[in-house]
Amino acid sequence: LSSEEIKKIRSDFPLLQREIYNKRLVYLDNAATTQKPNLVLGALQKYYTDYNSNVHRGVHLLSQEATDAYEVSRKKIAKFIDAKTDKEIIFTKGTTDGINLVASSFGKKFLNEGDSVIISAMEHHSNIVPWQMICEEKNANLKVIPFNEKGELRMDEFEKLLDDTVKIIAVTCVSNSLATINPVEEIIQKAHAKNIPVLLDAAQAIQHMPLSVQKLNADFIVFSGHKMFGPTGIGVLYGKEEWLNKLPPYQGGGDMIKSVSFEKTIYNELPFKFEAGTPDISGAIVLGYAVDYINQISIERIHATEEDLMNYAMNALKTIPNIRFIGEAKNRAGVISFLLGNAHPFDTGELLDKQGIAVRTGHHCCQPVMDIFKIPGTVRASFAFYNTKEEIDMLIKGLERAAKILL
Ligand code: PMP
């Protein structure tokens with residue numbers, strides 16, 4: 001994207017125009033959540049102004065309009081991730097909700113005493129705790145793929161873990177604390193050679209790179225709307241049709257049934273079997289508009305622009321004395337985690353905030369990663385296509401000032 005195009009894109013995001021502490025906001029916390037373009041904000045307003053109504057139940061016009069828009073959005077998402085059919089797209093509350101759904105449903109049906117689940121040492125808490133919970137319930141074991149000092153998965157160790165007890169593998173495509181892009185294709189191939197299904201956490205991948213579920217051949221993929229320029233409270237679980245058909249429903253209630261009597265309930269077909277209750281209708285519809293917005297720019301161009309920005313940022317950050325990078329994998333996306341000498345990350349973050357620069361500090365919901373590096377947390381700058389090289393320069397200036405005070 002040219003700087004002219006980025007300028008135009010930035011004008012689509014009202015929040016990016018904000019000033020804080022009388023300074024222009026530099027928003028570098030995109031891994032936590034992204035800002036929303038006018039296309040998304042307008043669609044949200046339009047839904048509640050023009051056709052707010054419950055879906056799938058009404059014969060009246062508004063309900064038909066809401067249902068159509070909800071299902072159109074499902075189709076847009078299916079196309080965006082190259083799913084075979086929109087039946088494979090389940091609306092959830094977000095990544096966390098999607099992982100809990102699979103851990104619970106898959107675990108209930110397929111995990112038994114002595115079985116195991118493989119995750120990696122760089123997972124977000126949301127891809128650790130749901131598996132721990134189901135493993136505890138089923139007396140199954142949680143096995144963890146370690147990573148090396150650069151933050152790259154130890155594939156040799158992964159292969160050693162792949163024994164006959166393994167029933168499912170859940171790994172992240174991109175680490176939200178280390179930025180590592182994991183070799184998920186290789187993981188999937190090796191797992192499938194042993195008939196083990198794989199769940200991918202795409203929370204930090206979907207907004208940065210093209211993702212084709214058919215090419216990847218993953219069995220389940222989860223992501224959050226709010227990290228891809230859509231609203232909070234909505235997310236997606238993609239599941240292969242044959243897997244979703246095999247799993248029991250996660251929650252019971254309206255919409256997920258075909259018929260109910262006190263003797264027997266017949267569950268609805270896909271995708272409705274996994275969407276109990278009134279869903280986040282506006283969120284789902286508007287997520288489709290977020291996908292439209294990404295498509296207007298093109299995810300390939302977004303990827304290239306962000307790679308360029310990451311390289312620029314890495315080179316600029318290297319000039320800061322006493323900077324220590326946490327996570328130096330060869331393949332990286334989206335975030336740069338670091339520490340300024342021995343300064344506590346919170347202090348660095350606070351000094352940046354006062355200069356108008358929003359970064360995240362702390363463990364980023366990856367406490368095991370911080371334990372492995374023996375640090376309390378990191379400062380994390382995370383990028384979206386609307387960030388500019390000028391903003392990176394401002395981050396560098398801000399860090400130089402912070403370093404003078406802290407070191
Ligand atoms: N996995 C990863 C890699 C993440 O970065 C996040 C959000 N930080 C999540 C899972 C959880 O996403 P959510 O809170 O939207 O459910």
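Which residues does UniProt give for the feature "domain: Aminotransferase class V"? Select 26-395: that is where the unreviewed UniProt entry places this domain. Keep in mind that you're looking at a predicted model.

**The domain**

Colour residues 26-395 by secondary structure and you'll get 39% helix and 17% strand.

**The ligand**

Next, show the pocket surfaces. The ligand takes up the space of the largest pocket.

Now zoom in on the nitrogen atoms of the ligand. Start with Asp201, which has a polar side-chain atom 2.5 Å from a ligand nitrogen. Move on to Lys227, where an N or O atom of the side chain is 2.7 Å from a nitrogen of the ligand. Then click His124: one of its polar side-chain atoms lies 3.3 Å from a ligand nitrogen. Taken on its own, the ligand has 400 Å² of accessible area, and the protein covers 85% of this.

**Two backbone stops**

Most residues other than glycine have a negative phi, and most peptide bonds are trans. The next two selections go the other way.

First, select Leu270 and Pro271: the peptide bond joining them is cis, with omega about 0°. Pro271 belongs to the loop that runs between β12 (265-267) and α10 (281-297).

Then jump to Asp82. This residue isn't a glycine, yet its phi is positive, at about 65°. You'll find Asp82 in the loop between α3 (61-80) and β4 (89-92).

Definitions and conventions: Residues are numbered from 1 along each chain as its sequence is written. This is a predicted model: local features need pLDDT of at least 70, side-chain atom pairs count only at pLDDT 80 or more; totals for chains, interfaces and linings use all residues. Side-chain values use heavy atoms; hydrogens and water are left out. UniProt positions are given in the numbering used here, feature names are shortened, and annotations may be inferred rather than shown by experiment. Helices (H or I, at least four residues) and strands (E, at least two) are DSSP runs, numbered from the N terminus. A polar contact is a pair of N or O atoms within 3.5 Å; within protein, one must be able to donate a hydrogen and the other to accept it, and residues adjacent in sequence count only if both atoms are side-chain atoms. Accessible areas come from the Shrake-Rupley method with a 1.4 Å probe; for residues, only the protein chains shown count as cover. On a 1 Å grid over the protein atoms alone, a cavity is a set of points where a 1.4 Å probe fits but cannot get out, and a pocket is an open set with protein on both sides within 12 Å along at least five of seven lines; lining residues have an atom within 4 Å of a point. A molecule sits in a cavity or pocket if more than half of its atoms lie within 2 Å of its grid points.
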